[in-house]
Amino acid sequence: MKDISINELKNKATEMRMKVIDMIYKAQSGHPGGSLSAADFVTACYFKYMNVDPKNPQWADRDRMVLSKGHVCPIQYACLATLGYFPEEVLDTLRKEGSPLQGHPSMIKCPGIDISTGSLGQGMACAAGMALGGKMNKKDYKVFCVLGDGEAQEGIIWEAANTANKYKLDNFIVFVDENNLQLDGTCDEVMPNGDLGEKFKAFGWDVFYINGNDMEEVCDAIDKCYAAQNGNPKAIIGKTVKGKGVSFMENQVGWHGVAPNDEQYAQAMAELKAQLI
Amino acid sequence: MSELKKIPTRNGFGEEIVAVGKDNPDVVVLDIDIGKSCKTQDFRKELPDQYINVGIAEQNGAAVAAGLATCGKIPFVVTYAAFGSMRICEMIRQEICYTNLNVKIACSHGGFTPANDGASHQAIEDMGILRTLPNMTVMMPADYNQAKKLVRAAAENYGPMYLRFTRDAMEQVYGPEVEFEIGKAYQLQDGKDVAIIANGDTVCLAIKAAKILEEKGISARVLDMHTIKPLDVDAVKACVNDIGKIVTVEDHNIINGLGSAVCEVVAEMGKGKVKRVGIQDQFGESAPYERLLAKNGITVEDIVAEAEKLQ
């Protein structure tokens with residue numbers, strides 16, 4: 001764990017959001033909405049909690065990060081570049097031919113990606129496998145996983161939840177990015193999730209409800225996950241705002257998978273810059 | 001072929017996986033509840049620390065195996081062929097093949113061998129489906145001893161692999177001393193008038209057909225194509241160049257299996273003739289295994305007849 005203040009982390013999250021907007025603008029393709037809603041959790045993990053070595057991405061003892069909602073990979077790419085897994089200018093190649101930064105993350109092409117995702121639901125089960133592998137190999141690393149609330153409609157999520165409970169994967173921390181928006185509309189319209197926390201509790205998980213865009217609450221929840229080595233896997237249900245940080249993207253289903261134009265880009269970057277403390 | 005008793009090839013898997021697991025502690029069996037039926041109960045008993053059972057959750061099982069493989073494990077995902085190829089097809093594609101992880105899908109109940117279970121359990125499309133996935137190796141051993149050899153080879157060679165075993169007992173074709181290489185056809189006998197290329201449970205039929213053909217004055221080369229991907233292209237080309245007439249035999253849909261793979265090579269060569277013996281693009285039913293094969297023209301007599309047509 002690194003010694004970094006909440007305010008520093010908040011600024012890091014803002015910087016990461018700017019990199020997300022910048023790379024999606026340059027690619028003119030990508031998913032800004034979910035990348036921005038998950039930004040605070042992913043930033044906290046990479047810049048405070050995760051024990052990783054950018055020079056040795058395959059280090060067997062490292063903490064893992066799996067974006068089960070793989071389409072929000074721009075936020076992960078921003079973190080990886082900032083930590084030095086690859087040069088910053090690589091961010092400009094997002095979604096371009098020959099780039100390690102595929103539209104959905106590829107472990108084969110990009111250093112620091114622990115498993116390829118993109119087909120919803122599967123990442124969480126893979127992450128459970130990594131947490132199980134940690135237990136079997138008697139390693140004490142953590143596996144972080146970012147799950148979409150729309151994604152929780154996939155049946156495999158609950159199969160993986162069973163597995164994590166049976167094998168007492170208390171090294172497994174799942175952040176549910178509950179922004180209540182999915183591609184076709186609100187989750188409530190498309191397929192109501194009900195209380196996702198209650199569902200995880202019923203599967204034997206420890207559950208923490210937070211504002212997932214409040215850095216203090218994010219860190220507090222992760223601290224609680226670290227403290228509770230009780231055999232239970234951990235779910236952090238983070239209420240978030242899709243598009244968080246850019247006024248015209250916030251809570252807009254239309255910003256799921258669209259790139260900003262010149263004007264929107266300038267406005268988004270200006271708004272984010274103003275949020276730096 | 002000997003007078004030895006018949007043994008299901010799933011038994012060869014069940015026995016060898018224990019030996020392989022003892023030799024390499026990274027080998028993991030990941031069951032999806034049907035371990036008893038797929039013969040992993042000895043592994044479960046003898047190597048409990050290398051044993052996982054995720055319950056009746058195939059899709060999760062495949063993805064958990066991928067996660068384990070990223071941690072250096074060599075998971076064998078164990079289920080029936082129908083589920084191990086189709087229920088989890090996309091997990092295999094996305095998390096095992098695209099990632100090129102060292103996961104083995106080891107499936108019992110291949111082809112018509114789960115005969116009286118009916119069509120739901122008879123995997124007739126599996127090898128063809130998995131053959132289309134990049135990075136995947138697809139194999140079906142002919143008998144107990146070959147099953148053991150291929151299971152060990154799967155554990156010792158890197159990459160995604162699919163192994164298909166039989167529920168029903170199969171005649172023994174090979175002694176325990178015979179060695180096999182993944183991706184290399186095994187020539188059981190040479191001949192000059194026709195080549196019979198078979199795999200899995202139909203290899204013993206091919207051998208019997210060759211004997212009858214011999215009595216009729218037709219000399220047959222018999223190849224066991226235990227690996228349909230990567231296909232032993234050189235062996236197929238040699239059949240075309242040396243003989244020019246090929247009969248393929250498989251307990252699999254006639255579309256996209258061994259016969260199709262062989263035809264792809266032959267068609268590109270622009271010469272040679274092929275007759276395909278296999279399941280006639282129709283579902284099975286609850287019936288004796290031999291009856292199901294017979295209804296699809298997969299018998300010794302059918303193989304003989306197809307070979308004669310080519311003469």
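Which residues point one way from strand β1 (residues 64-67) of chain A, and which point the other way? Arg64(A) and Val66(A) share one side, Met65(A) and Leu67(A) take the other, and all are buried. Buried here is a neighbour count: 20 or more other C-beta atoms within 10 Å of the residue's own, with 12 or fewer meaning exposed, anything in between meaning partly exposed, and C-beta atoms placed from the backbone. In a regular strand the side chains alternate between the two faces of the sheet.

Some ground rules before going on. This is a predicted model, where local features need pLDDT of at least 70, side-chain atom pairs count only at pLDDT 80 or more, and totals for chains, interfaces and linings use all residues. Residues are numbered from 1 along each chain as its sequence is written, while chains are lettered from A and ligands numbered from 1 in the order in which they are written. Helices (H or I, at least four residues) and strands (E, at least two) are DSSP runs, numbered from the N terminus.

**The strand pair in chain A**

Back to β1(A): it pairs with strand β2 (residues 143-148) of chain A in the parallel sense, over 4 bridges. Pairing asks for at least two bridges found by DSSP between the strands. Leu67(A), for one, has Val146(A) in β2(A) as its bridge partner.

**Chain B as a whole**

Chain B carries 13 helices and 14 strands. Its radius of gyration is 18 Å, close to the 19 Å that the globule rule gives for 311 residues, so chain B is as compact as a globular protein of that length. That radius is taken over C-alpha atoms, and the rule is 2.2 Å times the number of residues to the power 0.38. The C-alpha trace of chain B spans about 55 × 40 × 35 Å along its principal axes, and buried residues make up 61% of the 311 residues. As for contacts (C-beta atoms, placed from the backbone, within 7 Å), 80% of those in chain B between residues at least 6 apart in sequence join residues at least 24 apart.

The contact between them takes 28 residues from domain 1 of chain B and 29 residues from domain 2 of chain B. On the domain 1 side, the elements that give two or more residues are α7 (126-131), β6 (137-139) and α8 (144-156) of chain B. That side divides into 13 nonpolar, 10 polar and 5 charged residues. Here Ala, Val, Leu, Ile, Met, Phe, Trp, Tyr, Cys and Pro count as nonpolar, Asp, Glu, Lys and Arg as charged, and the others, Gly among them, as polar.

What about chain against chain? That contact takes 24 residues from chain A and 22 residues from chain B. On the chain A side, α5 (122-136) and α6 (155-166) are the elements that give two or more residues, and α5(A) gives the most, with 10 residues.

**The nonpolar core**

A nonpolar core is a set of buried Ala, Val, Leu, Ile, Met, Phe, Trp, Tyr and Cys residues joined through C-beta atoms within 7 Å. The largest one has 193 residues, and Ala128(A), Ile196(B) and Ala206(B) touch the most other members. Helix α1 (residues 6-27) of chain A supplies the largest share of this core, 9 residues. Domain 1 (7-170) and domain 2 (186-309) of chain B both give residues to this core, so it lies between them. Leaving out residues up to four places away in sequence, Ile196(B) touches a list that includes Ala206(B), Val222(B), Val249(B) and Ile303(B).

| Residue | Phi | Loop |
|---|---|---|
| Asn251(A) | about 60 degrees | between β7 (234-239) and α10 (262-274) of chain A |
| Asn256(B) | about 80 degrees | between β13 (245-253) and α11 (258-269) of chain B |

Asn251(A) counts as partly exposed, with 15 C-beta neighbours inside 10 Å, and Asn256(B) also counts as partly exposed, with 17. Elsewhere, the peptide bond from Lys229(B) to Pro230(B) is cis, with omega near -5 degrees. Pro230(B) is in the loop between β12 (227-229) and α10 (233-242) of chain B.

Note on methods
Domain bounds come from an automatic or database domain assignment. Two residues are in contact if their C-beta atoms, placed from the backbone, lie within 7 Å.
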